[in-house]
Amino acid sequence: MDRLEGRTAVVTGAGSGIGLATVQRFADEGANVVAVDIDVAAGDKAAEAAGGVFVQADVSVPADVARVFAVAYDTYGSVDVAFNNAGISPPGDDSILTTELDAWQRVQEVNLTSVYLCCREAIPYMRRQGKGSIINTASFVAVMGSATSQISYTASKGGVLALSRELGVQFAREGIRVNALCPGPVNTPLLAELFAADPERAARRLVHVPAGRFAEASEIAAAVAFLASDDASFITAATFLVDGGISGAYVTPL
């Protein structure tokens with residue numbers, strides 16, 4: 001399909017996982033893709049495959065974020081879609097009893113402050129156009145609790161959810177839609193690295209997924225493409241769960 005034909009889409013965390021799959025999906029949908037990543041090799045490869053442009057940036061740095069959206073506008077003449085997806089889940093983020101302040105703060109900067117910065121830069125471009133779609137990556141953990149805690153990650157995703165809802169309401173009558181994408185566990189390098197280090201934690205998570213498996217990144221990218229497109233024209237300020245049924249489950253199938 002060509003639902004995003006001629007539109008400019010900015011994707012942060014574009015070098016791997018959900019971001020990479022979304023870059024590919026956006027390109028397939030006809031978008032001009034601006035791939036953003038701190039990793040030059042991965043980000044450049046993603047942009048090249050999509051026929052787009054790469055911007056190296058630390059999304060927790062205001063000047064870097066401003067440059068990202070300026071490049072998008074200067075290159076393609078619009079900012080139509082912002083998929084604010086970059087995030088981290090480091091090993092030092094664990095129980096509140098063991099997570100140090102520096103680990104807490106770094107996760108907040110990358111996962112939550114970056115979304116604030118990206119929205120702050122994207123919205124003025126979209127206001128001038130009178131339209132735009134912002135999709136912020138939250139998580140199913142923003143609506144549920146877990147005894148296998150990553151306390152700063154969970155708190156950051158709750159912040160993304162609340163921020164997205166507020167912006168979706170605030171700018172709805174200006175043609176700007178803002179939604180929080182809430183994936184369940186996804187089969188990405190980040191998840192594989194986490195669970196390879198702790199197979200018991202992986203097993204404890206998987207048993208709660210009614211679908212019986214983790215999502216593929218391409219399945220999440222399909223949801224992002226929907227939210228970016230006019231097919232989602234009446235969806236804003238939404239908690240868009242793509243979680244294999246986790247958030248609706250009490251007892252899962254055998």
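Here are some questions and answers about this predicted model.

User: Let's start with the sheet. In what order do the strands of the open sheet of 7 strands lie?
Analyst: Happy to start there. The strands pair in the parallel sense. The edge strands, each pairing on one side only, are β3 (53-56) and β7 (239-242). Reading across the sheet gives β3-β2-β1-β4-β5-β6-β7.

User: Moving along, what is the bridge partner of Gly132 in β6?
Analyst: Good one to check in the viewer. β5 and β6 run parallel and are joined by 6 bridges. Within β6, the partner of Gly132 is Ile176.

User: What angle does the direction of helix α4 make with that of β5?
Analyst: Helix α4 covers residues 101-129 and packs on the sheet. The strands it touches are β1 (8-12), β4 (81-84), β5 and β6. Its direction makes an angle with that of β5 of about 175°.

User: And what angle does helix α5 make with β6?
Analyst: Helix α5, residues 151-170, also packs on the sheet, where it touches β5, β6 and β7. Its direction makes an angle with that of β6 of about 155°.

User: What is the volume of the second largest pocket?
Analyst: Let's look at the lining before the number. It has 16 residues, and the closest to the pocket centre are Gly132, Gly175, Arg177, Asp230 and Ser233. Strands β5 (132-137) and β6 (176-183) each supply at least two lining residues. The volume is about 280 Å³.

User: Why does Ala86 count as buried?
Analyst: Ala86 is in the loop between β4 and α4. Beyond its sequence neighbours up to four places away, Ala86 touches Thr12, Gly13, Val59, Val110, Asn111 and Ser114. Ala86 counts as buried because its relative accessibility is 12%.

User: How far apart in space are Ala86 and Gly19, C-alpha to C-alpha?
Analyst: In sequence, Ala86 and Gly19 are 67 residues apart. In space, their C-alpha atoms are separated by 7.6 Å.

User: How far apart in space are Gly51 and Arg128, C-alpha to C-alpha?
Analyst: Gly51 is in the loop between α2 (40-50) and β3, and counts as exposed at 63% relative accessibility. Gly51 and Arg128 are 77 residues apart in sequence. Their C-alpha separation in space is 26 Å.

User: Last one: what is the value of phi for Ala237?
Analyst: Ala237 is in the loop between α8 (217-228) and β7, and is partly exposed, with a relative accessible area of 21%. Its phi is positive in a residue other than glycine. The value is near 60°.

How values were computed
Residues are numbered from 1 along each chain as its sequence is written. This is a predicted model: local features need pLDDT of at least 70, side-chain atom pairs count only at pLDDT 80 or more; totals for chains, interfaces and linings use all residues. Side-chain values use heavy atoms; hydrogens and water are left out. On a 1 Å grid over the protein atoms alone, a cavity is a set of points where a 1.4 Å probe fits but cannot get out, and a pocket is an open set with protein on both sides within 12 Å along at least five of seven lines; lining residues have an atom within 4 Å of a point. Grid points are joined across faces, edges and corners, and a volume is the space filled by probe spheres set on the points. Helices (H or I, at least four residues) and strands (E, at least two) are DSSP runs, numbered from the N terminus. Two strands pair if DSSP finds at least two bridges between them. Contact means heavy atoms within 4.5 Å. Axes are lines fitted to C-alpha atoms, for helices over the stretch in contact, and angles run from 0 to 180 degrees between N-to-C directions. Buried means under 20% relative accessible area, exposed over 50%, partly exposed in between (1.4 Å probe, protein chains only).
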